Structure formats: C-alpha cells, structure tokens
Amino acid sequence: MVDLIRAHDPQLILVGMGMPLQEAFLTRNLAQMPNAYIATVGGAVDYVAGAAKLSPRWLGRFGLEWAWRFAHDPLRLYGRYLIEPVKLASAI
C-alpha cells in the first residue's frame, strides 16, 4: 500500500481505517510515506456515510460528544473512554 501511495506522490493523505488500525498503520509506515499532509479520518467516514449520527450541537458546547458516542456504541468504545484514560493517568 505504501508503494502505491508513493507512486501517486500525493500532497494530502487521508487514512480512514478506524482506530487503532489507522494509527498502527502510520506508526509502522510513516518513515516511508511521501512528504505530505496526513490525517486520520476513520470516524469522519462513518459520519459522512450516515453510519453514525452526529451528537446534538448543545452537547458539543459542553464537550460531551464522547458521551453521545458512548451511549450509541458502548461495547466498542468502553475501553477507549473508560479504560485507556485510567491507564494513561496511572502512567504519569
């Protein structure tokens, strides 16, 4: 895949594999990627495709979009929102 990306010499690379796959892909391959702007957009693809609903705007004003996402997909997001922060905090 990296060879194919390099062959096109892009200025912008959007990686939409979902978390944590897209981050792992970039961690392994960043040194071989062309000089370009790179953004992980896995979640945005879900919104554009209509697979996920955006939270109400009022939740965004209070920084609670995460709670909306968690309420709609708790099994997938449990570790990300409840386990990982505790692990990160304990590492400090």
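Here's a quick briefing on a helix pair and a nonpolar core in this structure. It's a predicted model, where local features need pLDDT of at least 70, side-chain atom pairs count only at pLDDT 80 or more, and totals for chains, interfaces and linings use all residues. Residues are numbered from 1 along each chain as its sequence is written, and side-chain values use heavy atoms, with hydrogens and water left out.

**The α5/α6 pair**
- Helix α5 covers residues 65-72 and helix α6 covers 74-91; they pack at about 140°, with axes 7 Å apart (helices are DSSP runs of H or I, at least four residues, and strands are runs of E, at least two; axes are lines fitted to C-alpha atoms over the stretch in contact, with angles from 0 to 180 degrees between N-to-C directions).
- On the α5 side, W66, R69, F70, A71 and H72 meet P74, L77, Y78, Y81 and L82 of α6 (contact means heavy atoms within 4.5 Å).

**The nonpolar core**
- Seven residues make up the largest nonpolar core: V2, I5, I13, V15, F25, L26 and M33 (a set of buried Ala, Val, Leu, Ile, Met, Phe, Trp, Tyr and Cys residues joined through side-chain atoms within 4.5 Å).
- Two or more of these residues come from each of α1 (2-8), β1 (12-15) and α2 (21-29).
- Leaving out residues up to four places away in sequence, V2 touches F25, N29, Q32 and M33.

**A look at I13**
- I13 sits in strand β1 and is buried, at 6% relative accessible area (buried means under 20%, exposed over 50%, partly exposed in between, with a 1.4 Å probe and protein chains only).
- Not counting residues up to four places away in sequence, I13 touches I5, M33, P34, A36, Y37, I38 and A39.
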